[in-house]
Amino acid sequence: MPDNAVLRSVLDRAAGGGRISPEEALDLYRSAPLHALGAAADAARRRRYAGVEHIATYIIERNINYTNVCVTACRFCAFYAAPKDTDKGWTRDLDDILRRCAETVELGGTQIMFQGGHHPDYGVEYYEEHFAAIKAAFPQLVIHSLGASEVEHMARISKVGVEEAITRLKAAGLDSFAGAGAELLPERPRKAIAPLKESGERWLEIMETAHRLGLESTSTMLMGTGETNAERIEHLRMIREVQDRTGGFRAFIPYTYQPENNHLRGRTQATVFEYLRMIAVARLFLDNVAHIQGSWLTVGKEAGQLSLHYGADDLGSVMLEENVVSSAGARHRSNRMELLHLIRTAGRVPAQRSTTYEHLVVHDDPANDPVDDHVVSHLSSTAIDAGMAHPELKLIDAQ
Ligand code: SF4
């Protein structure tokens, strides 16, 4: 274990904008005192955002889950249904999807995340048709959706290369790739939890192709399924290396594995401290990624607030609908007013942002805060029969 003077000098260098090596990042992750780690990451954040360092952003979006039918059977996933499991599997028709888009616009949402299983029949054509229909009806909605895994799958179904698939998705209206499917990029933990997914190298190769074709993305990491600290840092290293070439990752978003209803059965889970340390080390190590997103959905609201003091500059979204991690046990719900309160009581000025992080509304005067209490996270709405829904889901179920 390095002594405190060595750790201090690495922290100072990273806080000042200097690059640190993967080995130094691992030392910090394992051994740096928590408060010193957070203070260095916060200094790096303030340095990057000098002039607007008092602001923390959020977005209003909706996840639209178009199907849970999936051939890939990831061991951490509580959302999917195997194709033969016809009692559990479902798909949404286009009218239903467009209705959900209309509600998103009505509630002030600016982005949709189209997210679903690897359906055995859905090739590139399915996404072209849906994206084109969404864009025709709601040109103001940003389609920030899919990830390398979906692209690999749909290209295989359509018997085309990923470059053609991405080009066609972009032409049909896809604005931005979500970082879905990254899970853990190093080979050992990826094979352990998602043996049928493409390799981490292939995931990065597809994202690199997307960046080259003009589609930026975010990047994610699933923490807590039994990976080692060294594997977590290796995941960061793999992202940083691609980012040095493309600059196409707008943000890095770690989130924690949820233990219910999946094959892993919650035998391992990341703690809040591990999560906060990851936020901080990501801010220091990923010197080429602009935004580090804290999360309240999987780690809770107080941990989300703390993340803003450990290097995060964004607190994610009011998710008007979420079914994937909530199927595995994420229970935290929020609404827009509460999110403003969380950010403000963490000592920051909240600002609603766009997909590309422009500030749409800076809430610098609480007297002017929105009072629309319909802008609420709807979790696991697909798991609830119509008529049994939470009152705040009436907007969807009434139609
Ligand atoms: S994480 Fe995605 S690819 Fe894996 S089983 Fe779940 S829905 Fe399928």
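Me: Where is the place of Phe76?

Reply: In this predicted model, Phe76 is in the loop between β1 (55–65) and α4 (94–106).

Me: Why is Phe76 called buried?

Reply: The cut-off is 20 or more other C-beta atoms within 10 Å. Phe76 has 22.

Me: Which residues does Phe76 touch, not counting residues up to four places away in sequence?

Reply: Phe76 touches Ile193, Leu222, Thr225, Tyr257, Asn262 and Leu264. A contact here calls for C-beta atoms within 7 Å.

Me: Which residues does the "binding site" annotation cover?

Reply: The unreviewed UniProt entry gives that label to Phe76 and Glu183.

Me: How do you know that they gather at one spot?

Reply: They span 108 residues in sequence. Yet no two of their C-alpha atoms are more than 9.7 Å apart, so they come together at one spot.

Me: What makes Glu183 buried, and where does Glu183 sit?

Reply: Glu183 has 24 other C-beta atoms within 10 Å. The cut-off is 20 or more, so Glu183 is buried. Its place is in the loop between β4 (176–177) and α8 (187–193). Glu183 touches Arg190, Ile193, Ala194 and Leu222, leaving aside residues up to four places away in sequence.

Me: Which residues surround the ligand?

Reply: The shell is Cys70, Thr72, Ala73, Cys74, Cys77, Phe79, Tyr80, Gly117, His118 and Ser149.

Me: What makes β1 "mostly covered"?

Reply: Ten of the eleven residues of β1 are buried.

Me: How do you know that β1 and β9 pair?

Reply: Pairing needs at least two bridges. β1 and β9 (residues 349–353) have four, in the parallel sense. So they qualify as a pair. Thr57 has Ala351 as its bridge partner in β9.

Me: Which sense, parallel or antiparallel, does β1 take with β8, and with β2?

Reply: β1 pairs with β8 (residues 314–319) in the parallel sense over four bridges. Here Thr57 stands opposite Asp314. β1 and β2 (residues 111–115) also run parallel, joined by five bridges. Asn63 stands opposite Met113 in β2.

Me: Which residues of helix α7 are buried?

Reply: In α7 (residues 162–172), Val162, Ala165, Ile166 and Leu169 are buried. Seen down the axis, the buried residues fall within an arc of 95°, so they line one face of the helix.

Me: What does that buried side pack against, and what lies on the face turned away?

Reply: The buried residues of α7 pack against α5 (124–137), α6 (148–158) and α9 (200–212). The face turned away carries Glu164 and Ala171, both exposed.

Me: Which residue follows α7, and is its phi positive or negative?

Reply: Gly173 follows α7, and its phi is positive, near 130°.

Me: How many helices and strands does the protein have, and what share of its residues is buried?

Reply: The protein has 15 helices and ten strands. Buried residues make up 51% of its 399 residues.

Notes
Residues numbered from 1 in each chain as written. Predicted model: local features only at pLDDT ≥ 70, side-chain atom pairs only at ≥ 80, totals over all residues. Near = placed C-beta within 6 Å. Buried ≥ 20, exposed ≤ 12 C-beta atoms within 10 Å, placed from the backbone. Helix = DSSP H or I, 4+ residues; strand = E, 2+ residues; numbered from the N terminus. Arc of directions from axis to C-beta. Contact = placed C-beta atoms within 7 Å. UniProt positions renumbered as here; feature names shortened; annotations may be inferred.
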